[in-house]
Amino acid sequence: MNPSDYVKEAYRHILRSDFAEAIVCFEAAIAASPADAEVRYRCSITYARSGMLDRALVHAVAAVKLDSSKPEYNLHLQHLQALMLVQEAKRLLEDERTRTNNPYHPITLLKEAITLDPLYGDAYVWLAIAHSRMNEHLQAIAALKEVMSLHPDDSGLRQLMKDLQKSLQSYLQ
């Protein structure tokens, strides 16, 4: 098969929600045409949707290296990098042992994630949580206001805002 046949087959698998087979087809297309940035980009998206961020990142980097003129390739790469930073920050926030080493490291990671992808709402939510854990309630509220401007109808965010405001009131008393 030629690379475009593999890509067509990959999309048939995606339509059947068989992402593992779609990845196999994309990888076959890449093996047949390793310099095809579009196939690398599409493969990266499929890996990302399957939760395999490491592999997604490899193909996203390759796509950008092969064709940096496509803004969607760069945006996808930045989004993946932001996802990975948020995952690392969450891991640090949830791990009691690492929390005491450098409690501001998750905040640094989350701010970097927001710089890479200013529309990634989870980064703002985790930044608010990280600030709140450091008793930086005003910064937590500011981060939450940012994400609420992106998702104004999210009732979970409104509830989190109420909780943060209560934390601030308790802290001030």
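User: What covers the buried residues of α4?

Analyst: This is a predicted model. Helix α4 runs over residues 53–66, and its buried residues are Leu53, Ala56, His59, Ala60, Ala62, Ala63 and Val64. What covers these buried residues includes α2 (19–32), α3 (37–49) and α5.

User: What distance does α4 reach from its first C-alpha to its last?

Analyst: Helix α4 has 14 residues. At 1.5 Å a residue, 20 Å is expected. The model comes close to that, with a reach of 20 Å.

User: Which residues does leucine 110 contact, leaving aside neighbours within four places in sequence?

Analyst: Leu110 is among the core residues that touch the most other members. With its sequence neighbours within four places set aside, its contacts are Val86, Ala89, Ala123, Trp126, Leu127 and Ala130.

User: How are α8 and α9 oriented relative to each other, roughly parallel or roughly antiparallel?

Analyst: Helix α8 (residues 121–133) packs on helix α9 (residues 137–150) with the axes 7 Å apart. Residues meeting across this pair include Tyr124, Leu127 and Ala128 in α8 and Ala140, Leu144 and Val147 in α9. The crossing of α8 past α9 is left-handed. The angle is about 165 degrees, and angles over 145 count as roughly antiparallel, so α8 and α9 are roughly antiparallel.

Methods
Residues numbered from 1 in each chain as written. Predicted model: local features only at pLDDT ≥ 70, side-chain atom pairs only at ≥ 80, totals over all residues. Heavy atoms only, no water. Core = buried A, V, L, I, M, F, W, Y, C linked by side-chain atoms within 4.5 Å. Buried < 20%, exposed > 50% of the residue type's maximum accessible area, 1.4 Å probe, protein only. Contact = heavy atoms within 4.5 Å. Helix = DSSP H or I, 4+ residues; strand = E, 2+ residues; numbered from the N terminus. Expected span 1.5 Å × (residues − 1). Axes fitted to C-alpha atoms, helices over the stretch in contact; angles between N-to-C directions. Parallel < 35°, antiparallel > 145°, perpendicular 65-115°, else oblique. Left-handed = near helix turned anticlockwise from the far one by under 90°.
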